[in-house]
Amino acid sequence: MKDVLVDMIHLKKEMKMSINYKDSGVDVEAGAKEVKLIKGMVEATHGKEVLSSIGGFSGLFSLESMDYKNPVLVSGTDGVGTKVIIAQSMDINDTVGIDCVAMCVNDILCQGAKPLFFLDYIGTAKLEPHRMAEIVKGVTEGCKISNMALIGGETAEMPGVYHGEDYDLAGFAVGIVDKDKIIDGSTIEKGDIIFGLSSSGIHSNGYSLVRKIVSERSGHELTDKVEGLEKSLGETLLTPTRIYVREMLDLMAKVDVKGACHITGGGYYENIPRMMPKGLTASIDVTNVKIPYIFELLKKWGNLELREMYSTFNMGLGMVFVVKESDREKVLQHFKDYDSIYEIGKVVDGDEIELKY
């Protein structure tokens, strides 16, 4: 009888010590709830080319109906950077999903690619289904704007790597282009003209500097209404990155776009030279470009030099492209129904960008 009592005591101790996955900080049931919340949103981006459904181990996309002579797949991956910290602070989590898509599709667009499908990845400390669904809502909105399908994704609950309300967001886009229509800058010539398309704001780079300026120099909280801004400071900083897919693909069907660049990290000084062939450079004048007021505030608060601004931010232009001079009127006519376009310069001999601001 004594032995039986000892065994029962040991069993009770073992029962007390027993733990499960949820005790470690990972809630499988919350993951299932998230899937239910996002299923309809994700499937709304699907066309006949999508052969899989949400919940599978992979996403399937058919190229059978694609009318390309020599198709080339173009891929790009990116994240939203520390802009997510502002989203978390403001508890506004849908706009960064649009940003994530924009950062990827605007990149592959520079090669002339039509976006086909997208996958997202969310890493978080604690999986809160409704918050995760808000993020995916933004991703699906970005996919709709880009006319592509969201065919898969992953939400990883990783306590210990992330803490508190932390999460991070990244994505992966795949597009398609005919081999002979790949835009690589190789046909750019001296005398070609350069256009820029207006940005919606800061977009999704430079936010480590932005956050430092706002927290240490501005004297404002994110929730403050700052004179000159239509929304609160935080909401202004969360303005989604503009997606240029529709207007640029339509333009590419009308004129020969010789080179294109997405103005992201590195600003003008790093990105514009990336589309130029050796021995040629861009002579740029952006004195007439309308700069969103948030940049003026950052410059004032941070006491930033203009060179630093144009080396970090888009300063009002998110996409820059090159066409031959004889196509100028076609370009201007095409963009008359879109947001602002600027003729900003020409291609000249040289190795270093010439920038007048």
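Predicted model: local features only at pLDDT ≥ 70, side-chain atom pairs only at ≥ 80, totals over all residues.
Domain 1 and domain 2 bury about 2,300 Å² between them, 73% of it on carbon and sulfur atoms; buried area here is the accessible area, with a 1.4 Å probe, that two parts lose on being put together, summed over both. In domain 1, Lys 83, Ile 86 and Leu 109 lose the most area to domain 2, together 26% of what that side buries.

Residues are numbered from 1 along each chain as its sequence is written, and side-chain values use heavy atoms, with hydrogens and water left out.

The domain assignment gives domain 1 as 29-178 and domain 2 as 192-355, with bounds from an automatic or database assignment. Their centres, taken over C-alpha atoms, are separated by 24 Å. Each domain gives 28 residues to the contact, where contact means heavy atoms within 4.5 Å.

I turn now to helix packing. Helices are DSSP runs of H or I with at least four residues, numbered from the N terminus. Axes are lines fitted to C-alpha atoms over the stretch in contact, and angles run from 0 to 180 degrees between N-to-C directions.

Helix α6 (residues 207-216) packs against helix α10 (residues 293-302) at about 60°, with the axes 10 Å apart. The crossing of α6 and α10 is left-handed, that is, the near helix is turned anticlockwise from the far one by less than a right angle; clockwise would be right-handed. Val 210, Ile 213 and Val 214 of α6 meet Leu 298, Trp 301 and Gly 302 of α10.

Helix α4 (residues 95-109) and helix α5 (residues 129-145) pack at about 40°, their axes 6 Å apart. The crossing of α4 and α5 is right-handed. On the α4 side, the contact is made by Gly 97, Ile 98 and Val 101; the α5 side includes Gly 138 and Gly 142.

Notes: Helix = DSSP H or I, 4+ residues; strand = E, 2+ residues; numbered from the N terminus.
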